[in-house]
Amino acid sequence: MKERFRLSPQTALVLDTFLEKPRSWRYGYDISRDTGLKSGTLYPILIRLADHELVETRWETTESGKPPRHMYRLTPEGLRSARVRLRDYGHRKSSMVFLREAKI
Amino acid sequence: MSPIRSIARRALHFVMRLAPPRTRSWGEAMIGEMDHIDDEWDALLWALGGTLALCRCSLIEHLKNFRNLLADEISARRKASHLIKSILSGVVAAATVLIISMLTLTNLQRAALVEPSQARVAQLLFAVVIPDGLCLLAALALWRPQGRLTSGILAAGAALGAHSIIFFVA
């Protein structure tokens, strides 16, 4: 079993965004806009979540001429873990709200 | 494709080529996503951020691989060292048996306890039968618990046996 990952405020933001529509597939840019995280911060988080099997990925073919898009959503384990971890994270929720407002 | 987007794409492609295979697929994801961003400057910023992320992830991945490689090498060296030590111990044990056997033969001959007519048989007994028999017995007894030590004993025993046979035939 993989070791428990460190929940940074940015990771909490990403998980929180996934939890808004738990079973929907999300694009990287879509998550970036929702969380205000730049690609340089977002992708390492997504890679780490995928490594821990909390996020599943798939490629989606789109309209002709454009390359396929990589999509992400929480796995059932990710969903459960995200809910638990964000609940534990509650006492730091105010800092998350601050981050979201500040679009860090 | 605009020059800005082209630069952004090239930067990502360049880093992707240096990245380990696992990280490369994430680079493809970043490039794929960039082509869906309409604003040129947003696309450039996206690619630059992605380039930095890829560099960081690749570096971490390379360091992890290097650490694993180092750990494997250290483990292989330890195993080889253990193997050599065990085999050498076996050889030393077999050589000790041979020395004791030969000293016994010499003492018996000095004490004139061996008849000259029986000298050949005594030599065969003390130089081949007893040491080789003990080697074989030790090898059989230690086969399971000390496989490598047994290899050493058997190797020394075989060398000893071969040497003795050559000695007696010649």
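A salt bridge joins the side chains of A:Asp51 and B:Arg22, with 2.6 Å from N to O. The structure is a predicted model.

**Interface between chains A and B**

- The contact involves 22 residues of chain A and 20 residues of chain B.
- About 1,800 Å² is buried between chain A and chain B, and carbon and sulfur atoms account for 66% of that area.
- Of the area that chain A buries against chain B, 34% comes from A:Tyr29, A:Tyr43 and A:Ile47, which is more than any other three residues supply.
- The two chains are linked by 2 salt bridges, one of which pairs A:Asp51 with B:Arg22.

**Helix packing within chain B**

- Helix α3 of chain B spans residues 40-110 and packs against helix α4 of chain B, residues 119-142, at an angle of about 155°, with the axes 9 Å apart.
- Because of that angle, α3(B) is roughly antiparallel to α4(B).
- The crossing in which α3(B) passes α4(B) is right-handed.

**Residues where the helices meet**

- On the α3(B) side, the contact residues include B:Ala94, B:Val97, B:Leu98, B:Met102 and B:Leu105.
- On the α4(B) side, B:Ala122, B:Phe126, B:Ile130, B:Pro131 and B:Leu134 are among the contact residues.
- The residues in the contact of α3(B) with α4(B) comprise 14 nonpolar and 4 polar ones, with no charged residue.

Note on methods. Residues are numbered from 1 along each chain as its sequence is written. Chains are lettered from A and ligands numbered from 1 in the order in which they are written. This is a predicted model: local features need pLDDT of at least 70, side-chain atom pairs count only at pLDDT 80 or more; totals for chains, interfaces and linings use all residues. Side-chain values use heavy atoms; hydrogens and water are left out. Axes are lines fitted to C-alpha atoms, for helices over the stretch in contact, and angles run from 0 to 180 degrees between N-to-C directions. Helices (H or I, at least four residues) and strands (E, at least two) are DSSP runs, numbered from the N terminus. Angles under 35 degrees count as roughly parallel, over 145 as roughly antiparallel, 65 to 115 as roughly perpendicular and the rest as oblique. A crossing is left-handed if the near helix is turned anticlockwise from the far one by less than a right angle, and right-handed if clockwise. Contact means heavy atoms within 4.5 Å. Ala, Val, Leu, Ile, Met, Phe, Trp, Tyr, Cys and Pro count as nonpolar, Asp, Glu, Lys and Arg as charged, and the others, Gly among them, as polar. Buried area is the accessible area (1.4 Å probe) that two parts lose on being put together, summed over both. A salt bridge is a side-chain nitrogen of Lys or Arg within 4 Å of a carboxyl oxygen of Asp or Glu.
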